[in-house]
Amino acid sequence: MHNVPNMILIGSTARNSGKTTLASLIINRYKLNGSVVGLKVTTIHDKNRKCIRGGEGCGACSSLKGNFQITEELNASNNKDTSLLLAAGADRVYWLKTLEGNIYEGFENFIDRIPENAIIVCESNSLRTVVNPGVFIMIKNTRYCQIKKSAGKVIDQADIIIENNFNDDFQEIIEKIGNIIKNKPSKDAMF
């Protein structure tokens, strides 16, 4: 297990829950505190299987070369999640695509690429199985009753659970994150 006190990890119970919106607000808030790096993790269960979202999919899973792949986002002007994180003010943004069994190895490769004191704002459920972040936030999407399997495995480890009914903004959550970071008993806290 990696202890990463300078990471804010955001998971969700379903797609389209507001992870990127919240991550962008957090990046915008913490970019003044030093270097901020964005990370999106896509965990692939079987690269030879059909897309878990149905249909043809986006090709992310089937295009994986090796056990994991890290791509740096350089374009802040399109609607991809990684582009939105870059546009929010992150110094650098990466996309880690990894087979489920190689998430630890993929994360180690990522962490070697970034400044030691950088604040990491990450979107992932599965990463919580190998990383102990400074703060772990789980967004519960109230539009869907069924919880993603990856969220079910880690929801009990969340420091903050947000019931997102899509009527509220996340500003109150940003303040709550700051309070948790200040009060967390970690001598290594970076915030």
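**Ground rules**

I am working with a predicted model, where local features need pLDDT of at least 70, side-chain atom pairs count only at pLDDT 80 or more, and totals for chains, interfaces and linings use all residues. I number residues from 1 along each chain as its sequence is written, and side-chain values use heavy atoms, with hydrogens and water left out.

**Overall make-up**

I looked up the secondary structure and got five helices and seven strands. Here helices (H or I, at least four residues) and strands (E, at least two) are DSSP runs, numbered from the N terminus. Along the sequence they come in the pattern β-α-β-β-α-β-α-β-β-α-β-α.

Next I checked burial. I call a residue buried under 20% relative accessible area, exposed over 50%, and partly exposed in between (1.4 Å probe, protein chains only). On that scale 47% of the 191 residues are buried. The accessible surface is about 10100 Å², and carbon and sulfur atoms hold 45% of that. Those areas are from the Shrake-Rupley method with a 1.4 Å probe; for residues, only the protein chains shown count as cover.

I also looked at contacts, meaning heavy atoms within 4.5 Å. Of the contacts between residues at least 6 apart in sequence, 75% join residues at least 24 apart.

**The sheet**

What is the strand order in the sheet? I read it as 3-4-2-5-1-6-7, an open sheet of seven strands with mixed pairing. I count two strands as paired if DSSP finds at least two bridges between them. On average, neighbouring strands are turned by 20° against each other, direction ignored. For that angle, axes are lines fitted to C-alpha atoms, for helices over the stretch in contact, and angles run from 0 to 180 degrees between N-to-C directions.

Then I went through some pairings:

- Strand 1 runs parallel to strand 6, with eight bridges, and Ile10 is opposite Ile137 there.
- Strand 1 is also parallel to strand 5 (residues 119-123), with four bridges; Ile8 faces Val121 in that strand.
- Strand 2 (residues 36-44) pairs with strand 5 in the parallel sense over five bridges, and Gly38 has Val121 as its bridge partner.

So what about burial in strand 1 (residues 2-12)? Ten of its eleven residues are buried, so the rest of the structure largely encloses this strand.

**Helices over the sheet**

Helix 3 lies across strands 1, 2, 3, 4, 5 and 6, running at about 35° to strand 3.

**His2**

Is His2 buried or exposed? I find it buried, at 16% relative accessible area, and its place is in strand 1. Leaving out residues up to four places away in sequence, His2 touches Tyr104, Phe107, Glu108, Val130, Val131 and Asn132.

**Salt bridges**

I searched the whole structure and got six salt bridges. The cut-off is a side-chain nitrogen of Lys or Arg within 4 Å of a carboxyl oxygen of Asp or Glu.

Glu72 pairs with Arg92, with the closest N and O atoms 2.9 Å apart. That pair links distant parts of the chain, 20 residues apart: Glu72 is in strand 3 (residues 68-73) and Arg92 in strand 4 (residues 92-99). Glu72 is partly exposed at 28%, and Arg92 is partly exposed at 38%.

Glu100 and Lys153 meet at 3.6 Å, N to O. They are 53 residues apart, with Glu100 in the loop between strand 4 and helix 3 (103-111) and Lys153 in helix 4 (residues 149-154). I get partly exposed for Glu100, at 36%, and for Lys153, at 48%.

Lys140 and Glu163 form a salt bridge at 3.6 Å, N to O. This one links strand 6 (residues 131-141) to strand 7 (residues 160-164), 23 residues apart. Lys140 is partly exposed at 27%.

Last entry: Lys40, Asp81 and Glu123 are joined in a network of salt bridges.
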